[in-house]
Amino acid sequence: MPERELTFAQAVREALAEEMRRDSRVCILGEDVAEAGTPFKVLSGLVEEFGAKRVVDTPISEAGFTGVAVGAAMTGLRPVVDIMFGDFITLTMDQMVNQAAKAHYMSGGHWKVPMVMRTTLGATRRSAAQHSQSLHAWFSHVPGLKVVLPSTPYDAKGLLKAAIRDENPVVFFEDKMMYKLKGPVPEEDYTIPLGVADVKRAGDDITLVATSSMVQVALGAAILLEKVGISAEVVDPRTTWPLDEKTLIDSVKKTSRVIVLDEGYGRYGVTAELAAVIAEGAFYDLDAPVKRMGAMHVPIPFSPPLEDATVPTEQTVFDAAKAMCKPS
Amino acid sequence: MTTATSKPEVGRDTTAEKEKWLHAYRQMVSIRLFEEQVNEVYTRALMPGLAHLYSGEEAVAVGICEALRVDDYITSTHRGHGHCLAKGASPDRMFAELLGKEAGYCRGKGGSMHIADPATGNLGANAIVGGSVGIATGAAFAAKNLGTDRVAVCFFGEGALGQGSLYEVMNLAQLWTLPVIYVCENNQYNEYTHFQETTAGTILGRATAFGIEAASVDGQDVRAVNEVASRLVKRARSGGGPAFLQCDTYRYSGHHVGDINREYYRSKQEEHLWKTDRDPIQVLTKWLIEQGYADPAWFDRITSEVRNTMEAAVKFAISAPYPSVDEVEKHVYA
């Protein structure tokens with residue numbers, strides 16, 4: 001029997017539904033999460049199964065309902081908040097950074113905040129500068145938070161289930177351009193531990209470390225590279241924190257070349273951190289400087305040809321990798 | 001504004017009433033003398049960081065917390081020692097926390113502005129002004145969702161009226177009929193600025209705009225505070241929804257212990273008036289004597305006992321060990 005395939009959105013929904021069936025404390029809060037099922041329709045059908053008490057439509061008050069989730073998590077629920085666009089995390093910063101991330105530590109371990117924030121990242125949806133950013137580096141910078149970046153439907157389901165079962169605040173970034181991506185997803189219950197990278201494709205000549213949306217770009221580039229005789233390994237950290245440094249470093253030690261790909265801004269961002277980790281861990285095994293590729297350091301423009309120029313593509317990654325492996 | 005009724009009611013249980021207010025008196029004196037010790041320890045340079053004293057506002061914390069059960073929740077503020085003590089925290093572990101010692105409520109990792117204690121329902125003092133409004137509302141959301149009859153009280157100063165998140169959660173609380181009481185301690189000053197310079201309109205108008213049950217009370221009269229708090233807590237516990245209580249009070253000290261020269265923002269005459277005419281401990285003392293519930297010797301004895309307790313707590317904290325340095329990476333994650 002062929003393996004069952006789900007879209008990324010279906011995998012997210014199935015993870016939520018399974019966890020809500022398993023644990024009555026799990027609830028969802030967000031804007032238009034109930035009957036509307038969010039503008040992306042990721043949550044369609046959940047309110048029908050679990051009712052309005054557990055799938056709760058909120059006013060457009062990101063700080064307010066995120067704060068409510070922090071308090072509810074401290075006192076017995078396991079809330080999953082939905083922040084429609086990753087750009088809106090700016091509105092939740094005090095609740096996540098000063099409250100959720102610190103309650104356990106500041107209380108000497110007495111209080112816990114088992115909540116998940118689901119939100120999106122990714123450009124090229126023609127949504128302009130306030131609906132297209134990839135701001136996951138911000139939360140990765142804060143001790144006390146965990147940050148998850150699934151890149152396939154399989155990972156989305158397993159990582160989200162692990163995030164919901166985690167005792168800490170976890171921020172779960174979904175690439176909004178990937179919701180329709182299909183992939184194999186088992187029907188049985190499984191989780192993927194947070195902090196374990198995945199080698200998405202094995203190779204010998206160059207490592208492409210890629211997160212979220214950039215994993216599919218890296219896999220596409222690897223196919224192009226294969227045609228010119230370059231064997232690329234694609235490594236997906238899956239979580240920026242906790243970070244599986246060993247898998248990244250081991251891969252680079254094997255291939256001796258690496259490009260780090262992430263759709264966030266490069267400056268002071270995820271690519272900077274991953275490149276530093278690799279440089280510290282595998283410097284003497286490198287045959288070329290670590291290369292970073294991320295979003296251009298500009299607000300994401302609306303006009304399609306301009307927007308497309310801001311993010312790495314299969315072609316630009318192919319060109320960069322080829323230049324590193326076969327300098328002309 | 002609500003004030004306590006002083007006429008004896010027919011058939012009231014005077015024994016229970018006497019016990020209740022003698023206990024409240026002791027709680028208020030505990031807070032006052034705790035803060036006296038904080039001031040002392042701080043000025044002797046034994047306490048790291050900042051100290052924001054609650055002296056003058058005791059009737060608010062005690063009046064409210066005496067209306068709560070031990071399993072009800074509170075969130076507190078940077079000026080939170082009074083709330084923590086009134087909800088049942090012990091002075092020795094509080095002082096240990098203030099000095100950064102392992103025996104403190106937060107193993108020394110929180111300090112004066114972050115005392116938290118699950119055993120007494122204290123979700124934590126919060127050093128972001130208005131920072132805990134979401135947490136308190138969330139605790140009320142969980143209480144309702146889980147079907148308990150717990151109530152959450154959110155203490156904040158009038159300075160927090162400038163924070164937008166307060167209005168977001170008040171809107172949610174009213175929409176969802178949550179058992180949360182927003183207690184606005186109007187001690188007149190947002191740090192070094194009189195609240196009238198920062199606050200347009202009225203304080204209660206902010207709550208009534210959402211349809212939230214709102215009241216104001218003389219925050220120097222513990223009986224008045226307790227009377228209205230008891231009504232609002234009972235209402236919230238029985239599904240009546242959120243409430244907002246404005247307690248007008250006064251911060252005897254500066255914004256923090258080091259804020260000594262205050263005349264550029266408030267006069268010594270004003271401070272003197274509040275401290276002599278409206279001192280919350282004196283207000284209750286006068287009433288207890290009028291009722292014949294206590295004599296001068298009793299007040300002296302309680303003050304002496306409480307002072308001994310506070311001095312012992314300070315000694316305990318000073319001699320308690322710091323956490324070992326390997327503690328620094330513990331409790332980042334659960």
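Helices (H or I, at least four residues) and strands (E, at least two) are DSSP runs, numbered from the N terminus. The model shown here is predicted.

Q: Where does A:Pro242 sit in chain A?
A: A:Pro242 lies in the loop between strand S12 (239-241) and helix H9 (245-255) of chain A.

Q: What makes the peptide bond that joins A:Trp241 and A:Pro242 stand out?
A: The bond between A:Trp241 and A:Pro242 is cis, with omega about 0°.

Q: Why is A:Asp32 called partly exposed?
A: A:Asp32 has 15 C-beta neighbours inside 10 Å. Buried requires 20 or more and exposed 12 or fewer, so A:Asp32 counts as partly exposed. As for its place, A:Asp32 is in the loop between strand S2 (26-30) and helix H2 (46-50) of chain A.

Q: Which value of phi does B:Glu191 have, and how exposed is B:Glu191?
A: Phi of B:Glu191 is near 55°, a positive value in a residue other than glycine. B:Glu191 has 14 other C-beta atoms within 10 Å, so it falls between the limits of 12 and 20 and is partly exposed. You will find B:Glu191 in the loop between strand S5 (189-190) and strand S6 (193-194) of chain B.

Q: Is B:His23 buried or exposed, and on what grounds?
A: B:His23 has 12 C-beta neighbours inside 10 Å; the limit for exposed is 12 or fewer, so B:His23 counts as exposed. B:His23 is in helix H1 of chain B.

Q: Why is H1(B) called roughly antiparallel to H10(B)?
A: Helix H1 (residues 14-43) of chain B and helix H10 (residues 280-291) of chain B pack at an angle of about 155°, with their axes 10 Å apart. Angles over 145 degrees count as roughly antiparallel, so H1(B) is roughly antiparallel to H10(B). The crossing of these two helices is left-handed.

Q: Which residues make the contact of H1(B) with H10(B)?
A: From H1(B) come B:Trp21, B:Ala24, B:Tyr25, B:Met28, B:Val29 and B:Arg32, which meet B:Pro280, B:Ile281, B:Leu284 and B:Leu288 in H10(B). By class, the residues of this contact are nine nonpolar, no polar and one charged.

Q: What makes H5(B) roughly parallel to H6(B)?
A: Helix H5 (residues 133-146) of chain B packs on helix H6 (residues 164-175) of chain B at an angle of about 15°, and their axes are 9 Å apart. An angle under 35 degrees counts as roughly parallel, so H5(B) is roughly parallel to H6(B). H5(B) passes H6(B) in a left-handed crossing.

Q: Which residues of H5(B) and H6(B) meet?
A: B:Val133, B:Gly134, B:Thr137 and B:Ala140 in H5(B) meet B:Ser165, B:Leu166, B:Val169, B:Leu172 and B:Ala173 in H6(B). This contact of H5(B) with H6(B) has six nonpolar, three polar and no charged residues.

Q: Why is chain B called as compact as a globular protein of that length?
A: Chain B has eleven helices and eight strands. Its radius of gyration is 19 Å, close to the 20 Å that the globule rule gives for 334 residues, so chain B is as compact as a globular protein of that length. The C-alpha trace of chain B spans about 50 × 50 × 45 Å along its principal axes. Of the 334 residues of chain B, 51% count as buried.

Conventions. Residues numbered from 1 in each chain as written. Chains lettered and ligands numbered in written order. Predicted model: local features only at pLDDT ≥ 70, side-chain atom pairs only at ≥ 80, totals over all residues. Axes fitted to C-alpha atoms, helices over the stretch in contact; angles between N-to-C directions. Parallel < 35°, antiparallel > 145°, perpendicular 65-115°, else oblique. Left-handed = near helix turned anticlockwise from the far one by under 90°. Contact = placed C-beta atoms within 7 Å. Nonpolar A, V, L, I, M, F, W, Y, C, P; charged D, E, K, R; others polar. Rg over C-alpha atoms; globule rule 2.2 N^0.38 Å.
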